[in-house]
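Please look over the model below. How do some of its helices pack, and what lines one of its pockets?

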Amino acid sequence: MSHARRSQPQASADTASSLPILEGRLGYQLEPALLVRALTHRSYAYENGGLPTNERLEFLGDSVLGLVVTDTLYRANPDLPEGQLAKLRAAVVQARTLAEVARGLGLGAFVRLGRGEEGTGGRNKASILADTLEAVIGAVYLDQGLDAADELVHRLFDPVIERSSNLGAGLDWKTSLQELSAAESLGVPEYVITEDGPDHEKTFTAAARVGGETYGTGTGRSKKEAEQQAAENAWRSIRAAIDGATGGETGA
C-alpha cells in the first residue's frame, strides 16, 4: 500500500482531485462523500449552511481506535494488570499523540475549515487533527470494514504503541522522567520554555533539565506538547546512560 507522508498539497483540499492523494496515504479508496464528511470540521459546516460535520464519524472512529489499541495492548502484555493497561492505552490515544500521527499523514492540508479556524492556524491544532484522524478511521471502518480499520490503526499506531511501552508507571513522559530521575537521585526535572512565531501560530521549544543539565529538548504547537517531547528525549538519554553503565561501559 502506498502511504507516502511528506508531500503535502496546498490548504485547498476541498476538491475531488485531492482525495486520491489522501487515499494513497491511507491505503484505501473510500466513498468520496464519506471521506469528505470525515474531513469536514464544524466551522466549515456552519459557514456553509449547516452541512453535515465529521463529529459522528469521530465518535465512531474513537471507539474503533480504542478497540484495536486495547486488543493490541491486552495481547502483547499478558502480565500487566488492568490499571497499567489503561495507562498505556491513555498514552496512545491522547490527543497529542493522535495529532502527531495525523501530522505524519499530512492530514491538516485536507481538513475543510471555516475562515475563522483557517485564520488562527486550525490546520495545526492538535484537537482538530486528532478529531479528524478519528473521523477518518471511522470512515474507513464504515466503508471498508473492521479488518481494514484494524490494519490502518496498526500501520499508523504500532510504532506509538511500542514507544509507549517505555512509559513505566506514568501516564506521560513528564511523569516517567520524574520517576526515573527520582529513582536515580538526579534531582527534580525542570523545563525551560522559549517561543517563536506570531500569536496564532506559535512554536514552543522546551529543554528538560535535571540537576542543572539539559538531557533533552522538544518542540510543539503548545507548551505541553513541547515539554512532553523534551521529557521523552531526556528519559531516553538518561535510560541509555544507565543501561550503558550497567552494561560495563563508562557511565554518562
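The model is predicted.

**Helix packing**

The table gives the geometry of each pair.

| Helix pair | Angle between axes | Axis separation |
|---|---|---|
| H5 (residues 82-93) and H9 (residues 146-164) | about 135 degrees | 9 Å |
| H6 (residues 95-105) and H8 (residues 126-144) | roughly 75 degrees | within 8 Å |
| H6 and H9 | about 140 degrees | 10 Å |

**H6 with H8**

Helices H6 and H8 cross at roughly 75 degrees. That angle lies in the range of 65 to 115 degrees, so H6 is roughly perpendicular to H8. The contact residues of this pair divide into 10 nonpolar, no polar and 2 charged. On the H6 side they are Ala95, Leu98, Ala99, Val101, Ala102, Arg103 and Leu105. These meet Ala126, Leu129, Ala130, Leu133 and Glu134 in H8.

**H5 with H9**

Helices H5 and H9 pack at about 135 degrees. They are therefore oblique to each other. Their crossing is right-handed. From H5, the contact takes in Leu88, Ala91 and Val92. Their partners in H9 are Phe157, Val160, Ile161 and Ser164. By class, the H5 contact with H9 holds 6 nonpolar residues, 1 polar residue and no charged ones.

**H6 with H9**

The axes of H6 and H9 lie 10 Å apart, at an angle of about 140 degrees. This pair is therefore oblique. H6 passes H9 in a right-handed crossing. Thr97, Leu98, Glu100, Val101 and Leu105 come from H6. They meet Leu156, Phe157, Val160 and Arg163 of H9. The contact has 6 nonpolar, 1 polar and 2 charged residues.

Which class makes up 8 of the lining residues? The charged class does; the lining also has 5 polar residues and 1 nonpolar residue.

Technical notes:
Residues are numbered from 1 along each chain as its sequence is written. This is a predicted model: local features need pLDDT of at least 70, side-chain atom pairs count only at pLDDT 80 or more; totals for chains, interfaces and linings use all residues. Side-chain values use heavy atoms; hydrogens and water are left out. Ala, Val, Leu, Ile, Met, Phe, Trp, Tyr, Cys and Pro count as nonpolar, Asp, Glu, Lys and Arg as charged, and the others, Gly among them, as polar. Axes are lines fitted to C-alpha atoms, for helices over the stretch in contact, and angles run from 0 to 180 degrees between N-to-C directions. Helices (H or I, at least four residues) and strands (E, at least two) are DSSP runs, numbered from the N terminus. Angles under 35 degrees count as roughly parallel, over 145 as roughly antiparallel, 65 to 115 as roughly perpendicular and the rest as oblique. A crossing is left-handed if the near helix is turned anticlockwise from the far one by less than a right angle, and right-handed if clockwise. Contact means heavy atoms within 4.5 Å.
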